[in-house]
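Here is a short report for a reader coming to this structure for the first time. Please look over the sequence and the model before reading on.

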Amino acid sequence: MPELLISLAIIVVKIVAFTFLVVLPLVPISVYFERRFSAIIQDRVGPNRVGLPLTLFGAKKDFHLFGLFQPMADGLKLFLKEDFTPDHVNKAFYWLAPALTVVPALITVCVVPFGPDVTLFGHTEKLVIADIDVGPLFIFAISSLTVYGITLAGWSSNSKFPFIGGVRSTAQMISYEICLGLSVIPVILYYGDLNLNNIVQEQATNGWLLLPFWTNNELSLPSLQTTLFLIPAFIAFIIFTVSIFAETNRMPFDLPECETELVGGYHTEYSSMKFAMFFMGEYAAMVIGSALIITLFLGGWSFGFGLDEAIANFSIGDFQIGGFIHVGIFLGKLLTFILFFILVRWTVPRFRYDQLMKLGWVIFFEAALINVFLAALIIAAPELTAVITTVGLILLAVVTAAVIWVAKVSEPPAKILRA
Amino acid sequence: MATIKLTRPKLDAGEKMYFGSLIKGFFLTMTHAVKSLRGKSAGSKGLASSGMGVTMQFPEQRWDEHMPEYYRGAPTLVTDEQGRERCVSCQLCEFICPPKAIKIIPTEIPSDDKWAKVEKRPLEFDIDMIRCIYCGMCEEVCPEQAIYLRKDYLITGTSRGQMVHDKKKLYEIGGVRVGLVNKWNELK
């Protein structure tokens, strides 16, 4: 019985620590970074005032802390605002929708590996909430529930702009889920494993998928097969990243929201904390999306260059706490990637709706499919005779050419505009 | 109306790939970011920036010395070098004021006063700074060069009452203005 209680307590501690002390605080931090980074990109300053108001308590000076408390102040404001439910909405779904966007995003945290094993008090524990063997599948399954939240929000608001936003988001997210799932197949083929923790462990020992410059914790040049696999890996990385952008409704693909056309999109009718939940869900999805990209392609918590074993074995006395250093490395990578997300948002102009659909269905879907076969060919090549490999390559080239030709032919001729 | 037929511009392969333009865009935004962090954004010198982008950060930095000559701040009443209040209560400014911010109650100048021939001066002269739109029409219309828009821009208060500038306050901000036409002086 005590063992059961202890393991339950460990699970609860892990859930609270990773979800509420790591991922949720990352949401306001990324909001802060979004505002400051966009400001410096646009030659502005951004929020830099809100800090500790010590003068309220009689101190001589305030600490502005570069405005780090601005998102807290914003959150407090959203808490205190009136939570207005319009008369014309479908109340049950209107209230359900915000929860349906934020909860799936937070549930997916449970399979993200934050670090390797740590040993405390002679007890070894993995730094992942649920070490299940279907990590990426679980994330895809749960995160695709987010679309229900957005669609229900758009539908139940019973007003035209949210409705258009909801419809758009349904189409967009379902289209890009296909690319998301297909693009990750080469990665899974390469590792032969669906357990994210094992995938990261493998990358730590034998080189990241996109940076394979060490094997068995020693720097070395990659083998021919690994080098060749960089091609499908890179294609998969691009498709996966862009699809994550589309899945999280981030800027180049923010059609469900699009301030310029649809007022606020699906959350036009929402106010106060319900709006904040959509906001949080969006940013949490962005955090989880970056975490997934890092885990699959960029080595997760690993520092790389063969130093990971040394870091993981770092211990003080009996406590092997190198894992916590790895959590720090993981968070560092995560923040870098979030900054990349923000940079993309403030650089790339928005796509039109038909361009978005064309990119998803005509380009990425085919590219991801061909990529799967290319990756399979590269992985299987050592066990095949040269003839079969060549035939496979030729077939692949023919299919690629055919796909490109079809895409080109099916493209409507340039329209004549009237001015 | 003539009809002009336009075709969409033909894109070459590089433009269709889109990635080159994306990377160009990243370079552009990152150049801006780095320049703005180093305080070297375009125009930051002329705008007296605080060292971040082109922004001047207000309470610590003031733009007073960068203010143009023609800046229109708070409207005020002035006295001349002879210490005479120049307003003669003609009420033209009250009538021209688009937001009706000015309220004047005229009064006679007593006959034993040195300036008795001017006949009138304001008893009350209130400008409601909540209503004032800083258009400068009062200054333009004044036949006596009595009302001027000064460069004061920090007009604040914690109540509506505080935002109404009465005669005393207006003369206090306006002060003495020299070199005006003194048409009421004795001819020599």
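Which domains does the domain assignment give for chain B? There are two: domain 1 covers 16–58, and domain 2 covers 67–174. Their C-alpha centres lie 45 Å apart.

## Model and confidence

This is a predicted model. The predictor gives the complex an ipTM of 0.77. The pTM is 0.82. Chain B has an average pLDDT of 87, and 99% of its residues score at least 70.

## Chain A

Chain A has 419 residues. Its secondary structure comes to 14 helices and seven strands. Along the principal axes, its C-alpha atoms fill a box of roughly 75 × 75 × 50 Å.

How does the radius of gyration of chain A fit a compact globule? A compact globule with 419 residues would have a value near 22 Å, and chain A has 24 Å, which agrees. Of the residues in chain A, 39% count as buried. Contacts between residues at least 6 apart in sequence were also sorted by separation. In chain A, 74% of them join residues at least 24 apart.

## Chain B: overall form

Chain B has 188 residues. Five helices and six strands make up its secondary structure. From the N terminus on, the elements run β-α-α-β-α-β-β-α-β-β-α.

What radius of gyration does chain B have? The value is 27 Å, but a compact globule of 188 residues would have one near 16 Å. The C-alpha trace of chain B spans about 90 × 55 × 40 Å along its principal axes. Buried residues make up 21% of the chain. Among chain B contacts between residues at least 6 apart in sequence, 62% join residues at least 24 apart.

## The sheet in chain B

Chain B holds an open sheet of three strands. The order is S3-S4-S6, with antiparallel pairing. S3 and S6 of chain B stand at the edges with a single partner strand each, so one side of each is left without a neighbour in the sheet.

Strand S3 of chain B covers residues 102–108, and strand S4 of chain B covers residues 120–128. The two pair over seven bridges. Ile102(B) stands opposite Ile127(B) in S4(B). Further along, Ile105(B) stands opposite Glu124(B) in S4(B). S4(B) also pairs with strand S6 of chain B, residues 164–165. This pairing is antiparallel too and has two bridges. Here Asp128(B) stands opposite Val164(B) in S6(B). In general, side chains in a regular strand alternate between the two faces of the sheet.

## Where the chains meet

How many residues of chain B are in contact with chain A? There are 20, and they touch 15 residues of chain A. Strand S1 (5–7) and helix H2 (19–37) of chain B each supply at least two residues of this side of chain B. H2(B) gives the largest share, eight residues. By class, the side of chain B that touches chain A has eight nonpolar, 10 polar and two charged residues.

Conventions. Residues numbered from 1 in each chain as written. Chains lettered and ligands numbered in written order. Predicted model: local features only at pLDDT ≥ 70, side-chain atom pairs only at ≥ 80, totals over all residues. Contact = placed C-beta atoms within 7 Å. Helix = DSSP H or I, 4+ residues; strand = E, 2+ residues; numbered from the N terminus. Nonpolar A, V, L, I, M, F, W, Y, C, P; charged D, E, K, R; others polar. Domains from an automatic or database assignment. Rg over C-alpha atoms; globule rule 2.2 N^0.38 Å. Buried ≥ 20, exposed ≤ 12 C-beta atoms within 10 Å, placed from the backbone. Pairing = 2+ DSSP bridges. pLDDT = per-residue confidence, 0-100.
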